[in-house]
Amino acid sequence: MISIIAILIIAGSFIPHFYSINNLLNVMRQSSVVGICAIGTTLVVIILGIDLSIGGVLSFTAMICGQLMLSNVGILISALIALVVGIIFGVFNGILIAKIDVPPFIATLAVGKVASGLALVISQG
C-alpha cells in the first residue's frame, strides 16, 4: 500500500495533469473491465478454484461484441449477445469440471486457449 501511494505521489509530481478529472476518469474507464473480471475471479478463488480461461473468453466476447456493433446490430443487443456467449463458455467450463471430472486447471486452460484462438480467427490475426 505504501508503494502505491509513493508511486501516485511521484507520478503526480512529474506529470502536470496527473490528478485532473479527465485523467482520473480515463484511468477508471480503462481499469473497469479488469475490475469486473477480478470480481468474478475472486469468487472462484474463494471457493478454492482456479479459472485460467478468463482472458481468452474476454477477448473472444469482445471480438463478438465488436463485430456485431460493426454490423449495426446495436450496442445493447451486441453486449447481450456477448454476455450470453461468455455465459455459454462458463457453463461449458462447469460441465467439464463438475460432470466430466476434468481438473479445473486443465479445463479452463484449454477453454481459454480455444476462446483466444477463436478471437484470432474472428479478427483475422
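Student: Is N23 buried, exposed or partly exposed?

Tutor: N23 counts as partly exposed, because its relative accessibility is 23%. Buried means under 20% relative accessible area, exposed over 50%, and partly exposed in between (1.4 Å probe, protein chains only). Bear in mind that this is a predicted model, where local features need pLDDT of at least 70 and side-chain atom pairs count only at pLDDT 80 or more, while totals for chains, interfaces and linings use all residues. Residues are numbered from 1 along each chain as its sequence is written, and side-chain values use heavy atoms, with hydrogens and water left out.

Student: Where is N23, and what does N23 touch?

Tutor: N23 is in helix α2. Leaving out residues up to four places away in sequence, N23 touches H17 and F18; a contact here means heavy atoms within 4.5 Å.

Student: Which residues make up the largest nonpolar core?

Tutor: There are eleven, among them V57, F60, F89 and A115. The helices α3 (54–70), α4 (75–99) and α5 (104–123) each supply at least two of the core residues. By nonpolar core I mean buried Ala, Val, Leu, Ile, Met, Phe, Trp, Tyr and Cys residues joined through side-chain atoms within 4.5 Å.

Student: What does V57 contact?

Tutor: Beyond its neighbours within four places in sequence, V57 is in contact with G86, F89 and A115.

Student: New topic: what's the volume of the largest pocket, and which residues lie nearest its centre?

Tutor: The volume is about 850 Å³. Its lining has 25 residues, with C37, I54, V57, L58 and G86 nearest the centre. A pocket is an open set of points on a 1 Å grid over the protein atoms alone, where a 1.4 Å probe fits, with protein on both sides within 12 Å along at least five of seven lines; lining residues have an atom within 4 Å of a point. The volume is the space filled by probe spheres set on those points, which are joined across faces, edges and corners.

Student: Which helix gives the largest share of that lining?

Tutor: That's α4, with nine residues.

Conventions: Helix = DSSP H or I, 4+ residues; strand = E, 2+ residues; numbered from the N terminus.
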